[in-house]
Amino acid sequence: MGKFITFEGIEGSGKTTQIRAMGDFLRRRHISFLVTEEPGGTPLGRKIRKILLNRGTFELSDKAELLLFSAARAQHVKDIIVPALKEGKVILCDRFSDATIAYQGFGRGFSLDFIRLLNEFSTNGIRPDLTIVLDLPVKIGVKRAMERIFQKKEEEPEDRFEREHLSFHEKIRKGYLSLAKHAPERFRIIDALKDIETVQKEVQFHVMEFIKG
């Protein structure tokens with residue numbers, strides 16, 4: 001079986017940059033890997049992603065948001081995660097079930113027990129083997145995220161969560177730190193305030209230590 005590694009963190013924490021760098025690192029060492037993301041990863045997931053992350057002309061209820069993330073995840077697990085694990089690949093996934101606990105549980109206030117039950121159903125019990133949390137202060141993360149969005153100048157920017165109140169993002173950060181505190185064997189917290197190269201080296205250390213172990 002392969003290795004399932006997820007990257008988590010608040011908006012602007014640098015997950016995408018670090019995942020790409022880790023992919024390049026594994027490629028140079030001829031280690032078979034797959035980079036994927038949530039919501040996304042499948043044709044259905046990408047359509048759901050557009051609904052969830054783009055501010056449209058309609059309001060999306062918190063309940064609908066929670067269920068759409070779960071629907072995208074169920075398809076993602078079936079079509080992408082399970083086959084890649086069976087092929088023995090190292091999976092580098094941008095967000096997974098912990099994101100739902102942090103965002104919809106700690107952030108939106110849904111029952112954590114209910115979300116865990118929903119996660120168990122949508123994933124068929126599959127959980128990450130290792131989770132990297134890129135942590136930094138909320139104000140800095142959201143500022144980075146908004147600057148990135150403005151630079152892209154897209155007609156339909158993925159900014160629905162970035163435009164939430166800072167208190168919402170504070171709850172999410174506390175959620176991730178709480179998850180890591182209660183499962184230290186799986187989580188590794190990395191200070192994302194450090195320069196990109198230093199963060200890359202720390203990510204590489206934890207991932208390779210896990211793979212070789």
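Predicted model: local features only at pLDDT ≥ 70, side-chain atom pairs only at ≥ 80, totals over all residues.
View 1. A search of the whole structure gives 5 aromatic pairs. In one of them, the rings of Phe 69 and Phe 161 have centres 6.1 Å apart and planes at 45°, so this pair is described as tilted. Phe 69 is found in helix α3 (residues 62-86), whereas Phe 161 is found in the loop between α6 and α7, so the pair ties together parts that are 92 residues apart in sequence. Phe 69 and Phe 161 are both buried. Together with Tyr 103 and Phe 168, they form one aromatic cluster.

**View 2. Ile 172 and its surroundings.** Ile 172 is placed in helix α7 and, at 0% relative accessibility, counts as buried. Setting aside residues up to four places away in sequence, Ile 172 touches Ile 10, Ala 102, Tyr 103 and Gly 107. By comparison, Glu 147 is 25 residues from Ile 172 in sequence, and the two C-alpha atoms are 20 Å apart in space.

**View 3. Arg 95 in the loop between β3 and α4.** The loop that holds Arg 95 runs between β3 (90-94) and α4 (97-107). Although its side chain is that of an arginine, Arg 95 is buried, with a relative accessible area of 11%. A polar atom of the Arg 95 side chain lies 2.8 Å from the backbone oxygen of Gly 9. When neighbours within four places in sequence are left aside, the residues in contact with Arg 95 are Phe 7, Glu 8, Gly 9, Ile 10, Glu 11, Lys 15, Glu 38, Tyr 103 and Tyr 176.

View 4. Helix α6 comprises 15 residues, 138-152, and from its first C-alpha to its last it reaches 21 Å, close to the 21 Å expected at 1.5 Å a residue. Its buried residues are Val 138, Gly 141, Val 142, Ala 145, Met 146 and Ile 149. These residues cover an arc of only 125° around the axis, which places them on the same side of α6. An α-helix has 3.6 residues a turn, so residues three or four places apart point the same way. The buried residues of α6 pack against α7 (166-182), while the face turned away from the buried side carries the exposed residues Lys 139, Lys 143, Phe 150 and Gln 151. Just after α6, Lys 153 adopts a positive phi of about 55°.

**View 5. Charged side chains over aromatic rings.** The charged end of Arg 73 sits over the ring of Phe 96, at 5.4 Å from the ring centre. In another such arrangement, Lys 3 lies over the face of Phe 210, and the distance to the ring centre is 5.3 Å.

Technical notes. Residues numbered from 1 in each chain as written. Heavy atoms only, no water. Helix = DSSP H or I, 4+ residues; strand = E, 2+ residues; numbered from the N terminus. Expected span 1.5 Å × (residues − 1). Buried < 20%, exposed > 50% of the residue type's maximum accessible area, 1.4 Å probe, protein only. Arc of directions from axis to C-beta. Contact = heavy atoms within 4.5 Å. Polar contact = N/O pair within 3.5 Å; in protein donor to acceptor, adjacent residues only side chain to side chain. Phe/Tyr/Trp six-rings, centres within 6.5 Å; stacked < 30°, edge-to-face > 60°. Lys NZ or Arg CZ within 6 Å of the ring centre and 35° of its normal.
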